[in-house]
Structure formats: structure tokens, C-alpha cells
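Here's a quick tour of some charged side chains and their partners. Have the sequence and the 3D view open as you read.

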Amino acid sequence: MGIPRKHLYVLRLRKMRSTLVTTVLVGASVVSAKGLLDLPTDIANLLTSLAPAPASDPRWTNWHPASSGDVRSPCPGLNALANHDFIHRNGRNMTIPHLIAGLAAGLNMGADFTTAIGAAGLLSSPNPLGGSFDLDDLSMHNFPIEHDASMSRQDAYFANPQPFHNPTWQQYISFFDGKERTDIPTASKAKYARTTDSQKRNPEFVYGAREAVLSYGENALYLSTMGDPVTGKAKLEYVRSLFEMEKLPFELGWRPSVLPTTLPSLGLMIVQLQSSSPEPLLEGVKIVADSYKDVFFAIVGGSNILGNLTGGISEALGL
Ligand code: HEM
């Protein structure tokens with residue numbers, strides 16, 4: 001979705017109008033009615049109708065991996081959603097409204113999360129103001145989201161960080177050997193082992209506050225969506241399906257959590273992951289519940305730019 005310059009000014013002016021603000025709950029993201037009125041009707045309708053797809057939806061069982069010509073990312077979540085057609089199967093032309101609908105239908109992601117990370121994703125596109133990115137744009141190293149010490153991808157110093165890499169993944173997932181379900185302390189230990197391994201072997205290793213928060217966030221993402229956004233308890237076979245096959249484990253009995261995964265729920269889980277981790281605190285960095293949200297604001301350059309990149313959706317969501 002392109003955002004003509006004229007439209008950006010209109011959005012700014014509308015933001016300045018003082019209107020009565022009432023709120024409605026959308027997937028646990030607070031949407032202001034004022035903000036909704038400022039949005040095109042189709043997007044306002046989208047934000048008020050988000051929910052996981054019903055069990056009868058054919059996409060749950062219509063999985064196949066990327067065909068030739070399709071593009072994929074270093075993100076197992078987006079790749080799995082594309083493999084099920086919850087987002088464009090060819091991996092191209094990902095707009096914020098398309099992602100909001102697809103991530104809610106397939107994984108019950110709140111619109112707040114998808115808007116914030118989706119805007120960061122737009123910055124990886126050759127034309128961020130064009131309003132869309134392709135999944136392979138997300139492999140750009142060290143910005144905006146990609147980083148070293150991933151759970152299942154090699155550092156860019158060694159190889160293309162896009163595809164799943166089983167030896168790297170085995171380092172991580174072996175921490176759960178003998179367990180049927182994930183838990184937060186084990187995920188923290190496994191994440192720290194990946195971080196120290198990259199630190200030792202990669203002479204160009206980069207790891208600061210952005211990388212720490214994003215990588216805790218990615219742990220929280222799979223724990224929340226394969227399990228539950230409060231406890232982070234997920235069946236190991238579901239987690240393996242997500243990473244190893246990039247497949248939603250519907251046929252194994254998994255269903256999207258009834259509670260949506262949102263920026264606040266992820267922020268709280270990141271705090272728990274960090275506080276149960278053996279990883280030493282980075283000097284001068286304190287991870288709090290808002291750190292995850294703050295990282296996306298920092299990546300895009302502040303709330304005004306987030307508003308412009310998302311055509312006003314972030315403002316309607318109170319971001
Ligand atoms: C628009 C939404 C999203 C964008 C733009 C995005 C982008 C990315 C990117 C660029 C990475 C690579 C980071 C790295 O270098 O390790 C990544 C990793 C990851 N993402 Fe996503 N993501 C999105 C949504 C999701 C969702 C809904 C899930 C839920 C399962 C998810 C789960 C993960 C996980 C678990 C990783 C870590 C992979 C690893 O460490 O090997 N993401 N994402």
C-alpha cells in the first residue's frame with residue numbers, strides 16, 4: 001500500500017484535531033475510535049474483526065513448502081504462515097494490512113505487534129515508503145531485525161542467514177531433551193548457549209541492546225504462539241514443526257492460543273526470560289516490559305515515522 005505524500009500530511013493534520021477518544025478492544029490491543037475514524041473503512045473494519053481462522057478453514061491443512069520462484073525469510077513464523085497461505089504463498093508484497101490479517105488468522109497475533117514489527121520489516125525493502133516488503137528482504141544482515149546468534153540460522157559471517165540450519169538448531173533445542181514441553185528457564189539457558197557460541201566463533205559478532213531484546217523476543221514469540229502467551233509452555237513437537245518444517249502443527253492437535261500475542265504479553269515474557277537467564281546484563285541496559293516495543297520505535301525512528309510508514313494504523317492502535 002503506497003502512502004502518497006499528500007495523504008501523510010492529511011494524517012498529520014487529522015492527528016492534531018482534538019476529538020473525543022473512546023476505546024474498543026481488538027485482540028487485546030487498544031484501538032481508539034478517533035483513530036479508527038481516521039482510517040480507510042476497509043482497514044478500520046479489518047482492525048475490529050481480527051480473530052484466528054476457524055478450525056474448518058482449509059488453510060490449516062493446506063501446507064506445502066516454498067516452490068521455485070517463492071521467497072522466504074529468516075523467520076520461521078512468517079515462512080510457516082506463507083507455507084499455509086495465511087500470507088502470500090510466494091512471499092512477496094507484504095503490506096501491513098495483509099500481515100495484520102494473516103498473522104491474526106494463523107497465529108492470533110495482535111495488530112499492535114504486527115504493525116510495529118511490520119513497519120521495521122518495511123525498512124528492509126528497497127523502497128520502504130512503497131508500503132510493502134518481500135520475505136527475502138528480511139535477510140539483510142544486522143538491520144532492521146536480522147541479527148547474529150539466532151536459534152536456527154547461521155550468523156551471516158558464516159553463511160546466508162535465511163535458511164533453517166539444523167546443526168545450529170540442535171545446539172538450541174537439545175537443551176529440552178527429555179522434556180515434553182518448553183519452559184522459560186530452559187529457553188533462557190538455550191538462548192544464552194547460542195549467544196556464547198556465536199561470540200566465541202564469529203569474529204564479526206554483533207550483540208548489543210537491540211540484538212538482546214530482539215532475540216529474547218523471538219524466544220517469546222515461539223513460546224507464546226506454540227504454547228501460550230502467559231506461561232510459555234508449548235509442546236516440543238509443535239515447536240519442532242514450526243522450526244524444522246515451517247509448518248503450523250494443526251494436524252498434531254495444536255490450535256492458536258485463545259489469548260492473542262501482543263506487544264505487552266511479549267514484553268512481559270521477555271522480562272521473565274531475561275530474569276531467569278544466566279546471561280550477564282549488558283552494561284547500561286535494563287530490560288523492562290516496554291523494551292520490546294521501544295526497540296521497534298527506535299528501529300523505525302520514532303512514533304511519527306511509525307505512523308507514516310503504517311498509514312496511520314499505529315496511531316489508531318495507540319502506539
Ligand atoms: C511482520 C511480522 C514479522 C517480521 C517482520 C519478522 C521478522 C523476523 C526476522 C527478520 C527474523 C530473523 C532474526 C534473526 O536474525 O534471527 C525473525 C526471527 C524469528 N521470528 Fe519473526 N517476524 C515476524 C513475525 C513473527 C511471528 C508471528 C512469529 C511467531 C512464531 C515469529 C517468530 C520468529 C522466531 C521464533 C524467530 C527466531 C528464528 C531463529 O532465531 O532462528 N516471527 N523474524
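This is a predicted model: local features need pLDDT of at least 70, side-chain atom pairs count only at pLDDT 80 or more; totals for chains, interfaces and linings use all residues.

Lys191 pairs up with Glu279 in a salt bridge, with 3.2 Å between the closest N and O atoms. This pair ties together distant parts of the chain: Lys191 belongs to helix H8 (residues 184-201), while Glu279 lies in the loop between helix H11 (263-275) and helix H12 (291-300), 88 residues apart. And is Glu279 buried or exposed? Glu279 counts as buried, at 8% relative accessibility.

The structure has nine salt bridges in total, including these:

| Salt bridge | Closest N and O atoms |
|---|---|
| Glu279 and Lys191 | 3.2 Å |
| Asp197 and Arg194 | 3.0 Å |
| Arg240 and Glu244 | 3.5 Å |

Take Asp197 and Arg194 next. They sit three residues apart in helix H8, so about one helical turn separates them. Asp197 is buried at 14% relative accessible area, and Arg194 is buried too, at 3%.

Then there's Arg240 with Glu244 over in helix H10 (residues 236-245); these two are four residues apart, which again comes to about one helical turn. Arg240 counts as partly exposed, with 30% relative accessibility, and Glu244 is partly exposed as well, at 34%.

Notes:
Residues are numbered from 1 along each chain as its sequence is written. Side-chain values use heavy atoms; hydrogens and water are left out. A salt bridge is a side-chain nitrogen of Lys or Arg within 4 Å of a carboxyl oxygen of Asp or Glu. Buried means under 20% relative accessible area, exposed over 50%, partly exposed in between (1.4 Å probe, protein chains only).
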